[in-house]
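Hi there,

I'm handing over the structure we talked about, and below it you will find my notes on what turned up. Please have a look at it first and then read on.

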Amino acid sequence: MSILQAVRGTRDLLPPETALWNHIEATARRVFERYSFGEIRTPVFEETQLFARGVGEETDIVSKEMYTFTPTGEQSLTLRPENTAGVVRAYIEHQMGETGQLQKLYYIGPQFRRERPQRGRYRQFYQIGAEVIGPPSAGSESPLRDAEVLEMLASMLNELGIHGWKLLINSVGSANDRTRYTQVLRAALEPVAPRMCTDCQRRAVTNPLRVLDCKHPEDQPIIAALPRIWDSLDEGSKEHFAAVCSALDACGVAYTHEHRLVRGLDYYTRTTFEFVYDDPSEGGLGSQNALLGGGRYDGLSEAIGGPKAPGIGFAMGEDRLVLTLEAQSKRAASLAAAYIAPLGDRTNPAALALAKDLRGNGLRIELGDGSFRLKKSFEMGNKIARTIVILGEDEVASGILTVKNFATGVQTKVPRPELAAFLTSTETSN
Ligand code: HAM
């Protein structure tokens, strides 16, 4: 008899790894609590129509990746490929908008997509997500909601101990902007579509925006030359985006405006975003580097038959958080506490004396060489140590050293007698 195994793209989660999963979920719940989110649990399967109308017929998710089945005598059902459509269905079904309040709902649970499995991409995967939704009178369209969600995510990733993430944001505009852009895109695609893959050829006609999701390497130069969505946005959408950015600036959350970020689901309007993580040691996510994604969906409720209920939300890939944390802790364990970078050969003796002292305090230290340029020292240090300690003649004279933490990017001035304690504390916090 053949041995039965977990189905391709699914896997068992076993101890001790499950402890990390529980830790991530407990941390997320703690953060959600602080921001006044309550938990929602929706069914794992829904009517197929919900995803066709909500996520969009022409998206990869709906057109290729859904697990759909029709039990005898019943309508077509689908294992949820994502949770936003289900949450908005529940919002409508339970008339949650009648309260006149913003609904702030979070969920943790499995989702199902028939994608080609690889590291960080599974057919049953887990999302930790949240949605902020309500009638416009409750302030659901405010750019401050977008910025608050993004600031919460930055805090959550930091609290989980994930360092080195990058926030990419964009605006895909209002429904009107999208219609305008679709026309521009359709016209731009007409002459080039015959040279693109068959999916793009079809989408150029049926849903041009989805051409931008294409992953075929040969199509990328054509896609890169297409008009930008930003040029089709009206003043209202541009102001909304600017307001999100200035609120992020006010709380020190760094971001990059990524013009091509349209995200592969049809319901998005205005703000879209992803938090990505590029692993320096390449032990983590590889090409599946989106830790989470989300955006605003001001027309979704109406698209599935509900009242006007603008909203914004996100979903984090829990599997990817686990992989990232595991890779980071493995990497951290293999790194020295500090790389000492003498600036110029004259500081070499002082650098050796400093290394001796720190090693005497039980710290693992790598010592560079004064003939290296600063850039080379940074590159070397980043590969083998958690921090770099810069030792120039000024530092030797003043006894105040500059320490940069590679994971957080934070640079700190530390008096020499306190350096060992400082480096020991970074060992435990990273
Ligand atoms: P999504 O970008 O399709 O958005 O998925 C969100 C995150 O789920 C991704 O960034 C990734 O981390 C994870 N993910 C997606 N597919 C897989 C997979 N096959 N294996 C492992 N992880 C995966 C949504 O699902 C939207 N519902 C997010 C949202 C909420 N937008 C507004 N509200």
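A word you will need is "buried": a residue is buried under 20% relative accessible area, exposed over 50%, and partly exposed in between (1.4 Å probe, protein chains only). Before the details, please note that this is a predicted model, in which local features need pLDDT of at least 70 and side-chain atom pairs count only at pLDDT 80 or more, while totals for chains, interfaces and linings use all residues. Residues are numbered from 1 along each chain as its sequence is written, and side-chain values use heavy atoms, with hydrogens and water left out.

Let's start with the ligand. There are 27 residues around the ligand, and those that come nearest are E82, R113, E115, Y122 and Y268 (a residue is near if one of its heavy atoms lies within 4 Å). By class, this shell has 12 nonpolar, eight polar and seven charged residues. Here Ala, Val, Leu, Ile, Met, Phe, Trp, Tyr, Cys and Pro count as nonpolar, Asp, Glu, Lys and Arg as charged, and the others, Gly among them, as polar.

Which strand gives the most to the shell? That is β10, with six residues. Strands are DSSP runs of E with at least two residues, and helices are runs of H or I with at least four, numbered from the N terminus.

A polar side-chain atom of Y268 is 2.6 Å from a ligand nitrogen, and an N or O atom in the side chain of Q127 is 3.1 Å from a ligand oxygen. The protein buries 96% of the 660 Å² that the ligand exposes when taken alone (Shrake-Rupley method, 1.4 Å probe).

Now for the salt bridges, each a side-chain nitrogen of Lys or Arg within 4 Å of a carboxyl oxygen of Asp or Glu. The count comes to 23. One of them joins R263 and E274 at 3.0 Å, N to O. R263 lies in the loop between β8 and β9 and E274 in strand β9, so the pair ties together parts 11 residues apart in sequence. R263 is buried at 14% relative accessibility, and E274 is buried at 17%.

Another salt bridge joins D177 and R180 at 3.5 Å. These two are three residues apart in helix α6, so about one helical turn separates them. D177 is buried at 0%, whereas R180 is partly exposed at 36%.

Happy exploring!

Conventions. Polar contact = N/O pair within 3.5 Å; in protein donor to acceptor, adjacent residues only side chain to side chain.
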